[in-house]
Amino acid sequence: MTVRTTALIAGVIGVLLLAAGLIADAQRPPRDVIAEATLSTSVLVYEPEMIAFAADSTMGIEGEGDLVAVTARPADADAWLAEHEATEVTGLPEWEVLATEAYEPQTAASASPSPSASASEEPSDEPSEEASAEASPSASASPSAEPEVDLLTDTSSDHWREQWEGTDRLEILASDVPAGEVLVVMDRSGEALASTDVGFVREVNDGWITPLIWWGIVLTAVGVIALILRFVDLRPLQAKYEEWIARRQRTGEDEDDARPGSRRARRAAGEHLPEASLDEEPATASAAPTPDPHDEEGRA
Amino acid sequence: MNRVITAGAVATASGLILTGCVADVPAPVMSAPPMAETAALLDPQSTAIIDATMDELAAADADKDADLLTDRVGGDAVTIREAQYTRADGDDETPVALPSGQQAVYSSAAETWPRTLATVSEQASEDETPVMYLWVQDSIDEDYQLRGWAHMIPGATVPAMPGTTTGAEQLTLEDASLDPTAQSVLDDYLSLLREGTDSELNDAFGADSYREQLFTARDTLTDAAEEQDGEYVDTIQSVTDDTYVMGTADGGALVFAPLEITSSFTVEDATVSISEADEPLLDGELDDKVTHHYLDMIVLSIPGPDAEGQPTVVAADHNLIKVSES
């Protein structure tokens with residue numbers, strides 16, 4: 001196998017590597033991912049386990065109007081949720097999807113049998129009159145004389161511990177929710193929430209893509225060069241090169257060819273040989289060290 | 001065609017490789033992390049409840065109008081305060097002062113209802129002892145309501161109570177964790193109140209000025225009635241449904257017990273009279289009999305099994321709510 005053939009094969013491999021690298025680069029999955037779920041109830045629940053799972057992530061809730069999020073002890077939240085239709089976020093089956101299901105109260109509603117009737121009567125009477133009085137300036141509210149609903153204040157708020165409020169969108173850092181407490185998010189007007197999302201940062205093992213691209217570039221370049229050399233006739237150029245090399249090798253072999261007065265001619269004439277001056281006086285005996293006979297004897 | 005196949009293969013391979021590059025979804029958290037504070041109410045919550053209650057009480061006090069006691073004050077507290085307003089209207093005196101500042105707050109650990117919140121107020125003045133308040137929440141939908149209060153007995157000490165980390169255990173009158181049960185101790189105390197100083201139960205309870213005053217008044221009125229060939233009879237009943245028990249730190253309990261007391265004074269061939277201060281509460285026209293109706297609140301401290309001391313009333317108020325002719 002010639003060098004050219006090897007280079008061509010390398011070029012083909014390079015093209016494949018480069019293509020794979022570029023496609024991989026274009027489809028590189030993002031590290032920051034948002035898992036979402038759509039909602040159809042006005043109350044959303046994040047249990048302590050799910051909040052612990054979210055860790056440092058941000059939980060977002062979208063709706064229309066005034067949104068409020070509150071925390072409570074699990075038993076208190078469960079008792080409150082027993083009287084409200086709610087959706088619970090249960091997990092993360094895929095990176096972009098939040099799993100949800102209808103919230104099922106863990107305690108029997110009989111724990112507080114009397115309040116549901118008495119609590120609903122009082123607000124329904126009073127606000128209906130106020131609503132009709134306040135609604136007259138507003139065209140949108142006038143057709144319906146339904147009582148105003150405030151999920152947060154229609155019943156006692158004594159059991160809620162932490163509270164966040166927002167309009168249209170509410171964002172809560174999971175780590176801001178006290179450990180072990182349930183997060184309940186509601187649209188205060190009772191309208192259905194739109195969606196909820198949790199942002200996660202995931203690990204993506206994409207460190208091989210950039211080296212792959214560079215190796216592809218190098219090998220492709222080698223292949224391209226080999227391909228070019230396959231189609232271009234370089235023999236004239238090669239002949240010129242060989243002739244130039246041969247001329248350089250001939251140069252210096254024939255000293256007689258030196259031009260008179262040139263440096264080569266002067267060198268040939270020995271002009272630059274050093275002039276050594278020889279001293280005719282012999283060296284004195286004292287100049288040279290004299291061996292000590294006693295030393296020799298002593299050594300002997 | 002081969003190029004298309006090659007390109008497709010490369011793209012597929014890249015996609016598969018990249019799919020493998022993304023880490024798996026983390027495993028779910030299967031158990032909830034423990035709560036730092038498990039009491040039903042933390043300090044900000046109890047402070048909000050107390051402030052709302054005191055604001056409502058202050059507004060009602062300003063107008064001496066019990067109808068303003070709607071949301072945060074309920075039950076016997078409204079009845080008692082209404083009677084105090086009525087008495088105050090008569091001679092323009094102010095109703096009994098209820099300090100708004102609290103020096104101790106005891107929250108329940110209950111996860112069911114009803115549940116309670118108790119506090120010990122600051123001392124309103126040198127002449128008055130701190131007041132013990134009791135709030136009750138009947139259900140998750142209902143606000144905590146002030147249901148009663150009682151001034152502390154001079155020299156009495158409230159036992160140590162659990163903090164907000166755990167909260168105080170919400171006990172029942174029949175709870176077997178107390179031996180004897182709170183119901184038994186309360187029944188004994190009621191028997192002592194009925195029997196007087198000669199009762200064998202007198203030594204079973206620590207001294208308290210509440211029963212001393214009750215016994216003194218009984219003796220005085222009995223003597224007065226006998227002088228007029230009349231009779232003095234009082235009855236004492238507890239209100240079990242409105243009695244609440246909170247566990248103390250040493251395994252004992254604080255029992256918040258309302259008591260209904262009636263004092264009937266009858267004379268022969270004469271007309272009874274009452275003090276001018278009580279006249280605004282008179283219902284009817286007096287002849288030879290008058291009955292005073294009281295709605296008292298006592299706070300009975302039951303020591304834990306390893307604690308020294310006897311059951312003792314640490315706070316009590318004697319509240320006149322009505323005077324009737326029969």
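**Helix crossing in chain A**

I started with the helix pair and found that α1(A) passes α5(A) in a left-handed crossing (the near helix is turned anticlockwise from the far one by less than a right angle). In this predicted model, the axes of helix α1 (residues 3-26) of chain A and helix α5 (residues 209-231) of chain A come within 6 Å and cross at roughly 145 degrees. Those axes are lines fitted to C-alpha atoms over the stretch in contact, with angles from 0 to 180 degrees between N-to-C directions. I sorted the residues of this contact into 20 nonpolar, six polar and three charged. Here Ala, Val, Leu, Ile, Met, Phe, Trp, Tyr, Cys and Pro count as nonpolar, Asp, Glu, Lys and Arg as charged, and the others, Gly among them, as polar. Helices are DSSP runs (H or I, at least four residues), as are strands (E, at least two), numbered from the N terminus.

Residues count from 1 along each chain as its sequence is written, and chains are lettered from A, ligands numbered from 1, in the order written. Local features need pLDDT of at least 70, side-chain atom pairs count only at pLDDT 80 or more, totals for chains, interfaces and linings use all residues, and side-chain values use heavy atoms, without hydrogens and water.

**Where A meets B**

I next looked up the interface: 44 residues of chain A are in contact (heavy atoms within 4.5 Å) with 44 residues of chain B. The buried area is about 3300 Å², with 63% from carbon and sulfur atoms; this is the accessible area (1.4 Å probe) lost on putting the two parts together, summed over both.

I then checked salt bridges (a Lys or Arg side-chain nitrogen within 4 Å of an Asp or Glu carboxyl oxygen) and found two across the interface. A:D158 bridges to B:R72, with the closest N and O atoms 2.8 Å apart. By class, the side of chain A that touches chain B has 23 nonpolar, ten polar and eleven charged residues.

A cis peptide bond joins B:W113 and B:P114, with omega about 0 degrees. I placed B:P114 in the loop between β1 (102-107) and β2 (115-121) of chain B. Another cis peptide bond joins B:D179 and B:P180, omega about 5 degrees.
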